[in-house]
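Trainee: I am new to this structure. Can you walk me through how to read its features?

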Amino acid sequence: MKIELNWFEPIELGSSGTLRANIKNFDLKELPEIAGVYLFYREYGATQDALYVGKTENIRKRMKAHFNSLSLIEGLENTPQGPKKLIFAEVKTRSDLGRALNQAEKGLIQHYIENNHPLLNKKLMADHFDEITSLGNTIDLVDADIWVYSTQSTR
């Protein structure tokens, strides 16, 4: 399946000290009601760190829920210094949109984990990640530690 992510311009949410006030006063009408993936991140100089990745069928409604989520706001406030930002992309596919959203989110999460970004997803939803460690080092092909993300818990 081919999936396109059409990214919009980033939105600055503020630093840890101003984040709550800025989010409280944010006009949600500025956000479109589109299906997509989104990324909360921080910027510090030339460094950008992914902090949280998500997916939704309606960006505006999902941000309303996130902006009322104390655990997410506290998580963003407790990250290292630098402005916190939001960027989102409309997901486009000619196939199943629900599957495309799941795959886009999963791909972004796995990409950022592999590149050592401090994702809050890993902390807030730790039971959704499994780390598979290979031991024995018999050949290079199987000598890799990998992360597996699942949308369903097996507990």
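This is a predicted model: local features need pLDDT of at least 70, side-chain atom pairs count only at pLDDT 80 or more; totals for chains, interfaces and linings use all residues.

Trainee: What is the bridge partner of Tyr 41 in E4?

Mentor: That partner is Ala 50. Another bridge puts Glu 43 with Gln 48 of E4.

Trainee: How many bridges do E3 and E4 share?

Mentor: Nine, again found between antiparallel strands. E4 covers residues 47–56. The two strands make a hairpin, with two residues between them. Look at Gly 45 in that turn: its phi is positive, about 65 degrees.

Trainee: Why is E3 called largely enclosed?

Mentor: Count its buried residues, where buried means under 20% relative accessible area. E3 runs over residues 36–44, and seven of its nine residues are buried, so the rest of the structure largely encloses the strand.

Trainee: Now the aromatic rings. How do I read a ring pair?

Mentor: Two values describe a pair of aromatic rings: the distance of the centres and the angle of the planes. The structure holds five aromatic pairs. Take Phe 26 and Phe 67. Their ring centres are 5.6 Å apart and their planes stand at 85 degrees, so this pair is edge-to-face.

Trainee: Where in the chain do Phe 26 and Phe 67 lie?

Mentor: In distant parts, 41 residues apart. Phe 26 is in the loop between helix H1 (19–24) and E3. Phe 67 belongs to helix H2, residues 59–67.

Trainee: Are Phe 26 and Phe 67 buried or exposed?

Mentor: Both are buried. Now try a second pair, Tyr 38 and Phe 40. The centres are 6.1 Å apart and the planes are at 80 degrees, so it too is edge-to-face. Check the burial as well. Tyr 38 has a relative accessible area of 1%, so it is buried. Phe 40 comes to 2%, so it also counts as buried.

Trainee: Which residues do ring pairs link into a cluster?

Mentor: Tyr 38, Phe 40 and Tyr 52.

Trainee: How do I read contacts over the whole protein?

Mentor: Ask how far along the sequence the touching residues lie. Among contacts between residues at least 6 apart, 68% join residues at least 24 apart.

Trainee: What pattern does the protein follow along the sequence?

Mentor: It reads β-β-α-β-β-α-α-β-α-α-β-β. That gives five helices and seven strands.

Trainee: And what share of the protein counts as buried?

Mentor: 37% of its 155 residues. The accessible surface is about 9,500 Å², and 45% of it belongs to carbon and sulfur atoms.

Conventions:
Residues are numbered from 1 along each chain as its sequence is written. Side-chain values use heavy atoms; hydrogens and water are left out. Helices (H or I, at least four residues) and strands (E, at least two) are DSSP runs, numbered from the N terminus. Buried means under 20% relative accessible area, exposed over 50%, partly exposed in between (1.4 Å probe, protein chains only). Contact means heavy atoms within 4.5 Å. Accessible areas come from the Shrake-Rupley method with a 1.4 Å probe; for residues, only the protein chains shown count as cover. Two strands pair if DSSP finds at least two bridges between them. Rings of Phe, Tyr and Trp (its six-membered ring) pair if their centres lie within 6.5 Å; planes under 30 degrees apart count as stacked, over 60 as edge-to-face and the rest as tilted.
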